[in-house]
Amino acid sequence: MSDGKEVERAQEKVPESTQLPPLDVIGVRTGMFGANGPGDTSGYGGLVREITMPGSSERPYGGWFDEVVDVLAEVLEEGGTGFATAVEKVVVDRGELTIFVVPAHVVQVCRALRDDQDLRFELSLGVSGVHYPHETGRELHAVYHLTSVTHGRQLRLEVAVPDGDPHLPSTVAVYPTNDWHERETWDFFGIVFDGHPALARIEMPDDWPGHPQRKDYPLGGIPVEYKGATIPPPDQRRSYT
Amino acid sequence: MPDSRAPRSTRATPHVYDADADGTPTFEASGGDWSSIAEEAARLGEERIIVNMGPQHPSTHGVLRLMLEIDGETVTEARAGIGYLHTGIEKNMEFRTWTQGVTYCTRMDYVAPLFQEAAYCLAVEKLLGITDDIPERATVIRVLMMELNRIASHLVCLATAGNELGATTIMTVGFTGREEILKIFELVTGLRMNHAYIRPGGVAQDIPPGALDNVREALVGIRHYLGQLQDLMLANPILKARAVGVGNLSLTACMALGVTGPVLRSSGLPYDVRKAAPYCGYETYEFDVPTSTDADAFSRIVVRLEECYQSMRIVEQTLERLQAMGPGPVMVADKKIAWPAQLAIGSDGMGNSLDHIREIMGTSMESLIHHFKLVTEGFRVPAGQVFQTVEHPRGELGVHLVSDGGTRPYRAHFRDPSFNNLQAVSMICEGGQIADVVVAISSLDPVLGGVDR
């Protein structure tokens, strides 16, 4: 350090609000060009990088997000559930609000979001799943997208359940539209929505083994031969990830 | 039934198998003369009949299977069975680059392919944080293509709806009108469907010279065919007798079932994503959201016809803007995202322009490396998730994208409006006549490519 002023200036450049929140690690990436072992002559083979999702956000969230979270907290407290028990964390990323909900309380949260006049998320755009095999104990995520036609808002609920016990209360009683969406999420990810009126497979045949959208489920496909060369199926090819 | 609840099982509801159904008389009808079946059924004296309609029935808009329990001519229970066209597009997208994803999602709802492309690209751009960097010209071209596609999709809906009632002229007029739009698509994208034209960062290439005049000419034709359709449909006593008061779905039911698009608007709520959460600059266009309060199959026909005219209004505005702004970039300036090649028509069809090939193969090794890396590896997208909705001809299309910071989507989910709207089948068919089922389903306008993905 030659000059103390330079350090000061560097510190000035970082505004307080960009302090990075704790990160949500969903996996680890090694190497760089998809080649492992002796095939990798790039020198990047030893590279290890954590894959992190945007973590919990600090207040103020900005825009209407604070108001919605405040009202939701108020309604949940009144209902006896308690905001801290029902909500794991609030993430604001790319101008979108995500509320992580504890599996047992997802129905109460949905009901509060639908019924309170200041929230009024009356339109559900369905449920889908995401499989994060590296997030031990929280492998399967169910993601709900809710829209408030009244207030012109949109938010996302995310619920994480462990692979070993993938049970989640069904929200069909609150949002009847989630019927088929929950069936699809069961079909593709194996998340069991307890209390669903008829949780049968919807896209795959009834006797299909496994849940195809999970990361541990192979894509399938056969090698393609062309002019003597063989091209492996897409999931077995070298990839850059 | 085994007690599956005792230890918390990871199995869902077991497959329903009714042992009582063994030995139930079943008939198979594949067109032709039904009298022998009717006689046999009359001999059995059973009033309650379960009719399996589809998945290969021409009036089910693709491979939709309907299970109808009928009592005489009345439908007492209706269930939809789907999945016959499930091709795992979402799973496949996880093994392709972000740019290649467009080629997959365009194949979902094949009647309105440009909406999937646009929604997907908007979502990728939101993940990349480059939404504001998309060139204005690319955005206007996107709007132009989407609105033309909306008209084409509505024309197919109206045409098939007429055809299913035996009105072949409605069908031929609708498809002839759509042909005008498909010609434009072929001119601009090179293809009549499965375009992969809208790409993350912009569009694949600029509209060709003279295309604006072609669109103007096409609009004249479309207006002509829409007029014919109006004449054939709006005061047609037979069509009205079949469609008025059929397939009723109230506003409350629509909201509960998450039904959006023309069906929701036919029940009175002017909810349109282009107005509620504008994207692609829709807030700067002048157009109205047509609604009705009749909430039946006929009002949906009227709403769709009206929407075609509103789309034409938007198309005219895009033509003016494209004319006024003149040539310009149609892809984001960031060379790390923009596809490196420019396309050109060669003697063997469309491909990389010869100028580009000359550059990368002859003069600039750096260009070659850049081209190779971007085409084979693709670009990386910062980790996170987004949800992007657009107003699809059938309702609200949502794209949920998750990135793990890699060159491929970690998860891509499409909330297809037809998939969701088909849940209303039970509600709009039960209690009605069996002949009305076809009318009711066609008023939902499901496209099974989108339903099953």
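What we have here is a predicted model, in which local features need pLDDT of at least 70 and side-chain atom pairs count only at pLDDT 80 or more, while totals for chains, interfaces and linings use all residues. Residues are numbered from 1 along each chain as its sequence is written, and chains are lettered from A, with ligands numbered from 1, in the order in which they are written.

Let me begin with A:Thr177, which sits in the loop between strand 8 (167-169) and helix 5 (178-189) of chain A, where helices (H or I, at least four residues) and strands (E, at least two) are DSSP runs numbered from the N terminus. A:Thr177 is buried, because 26 other C-beta atoms lie within 10 Å, and the cut-off for buried is 20 or more such atoms within 10 Å, with C-beta atoms placed from the backbone. Leaving aside residues up to four places away in sequence, A:Thr177 touches A:Ser124 and A:Gly126, and in chain B its partners include B:Ala256 and B:Gln423; contact here means C-beta atoms, placed from the backbone, within 7 Å. A:Gly126 is 51 residues away from A:Thr177 in sequence, yet their C-alpha atoms are 6.9 Å apart.

Turning to the interface as a whole, 46 residues of chain A are in contact with 43 residues of chain B. On the chain A side, the largest share, six residues, comes from strand 5 of chain A.

Finally, in chain B, helix 13 (residues 354-363) and helix 14 (residues 365-377) meet through residues including B:Ile360 from helix 13 and B:Leu368 from helix 14.

Methods. Buried ≥ 20, exposed ≤ 12 C-beta atoms within 10 Å, placed from the backbone. Contact = placed C-beta atoms within 7 Å. Axes fitted to C-alpha atoms, helices over the stretch in contact; angles between N-to-C directions.
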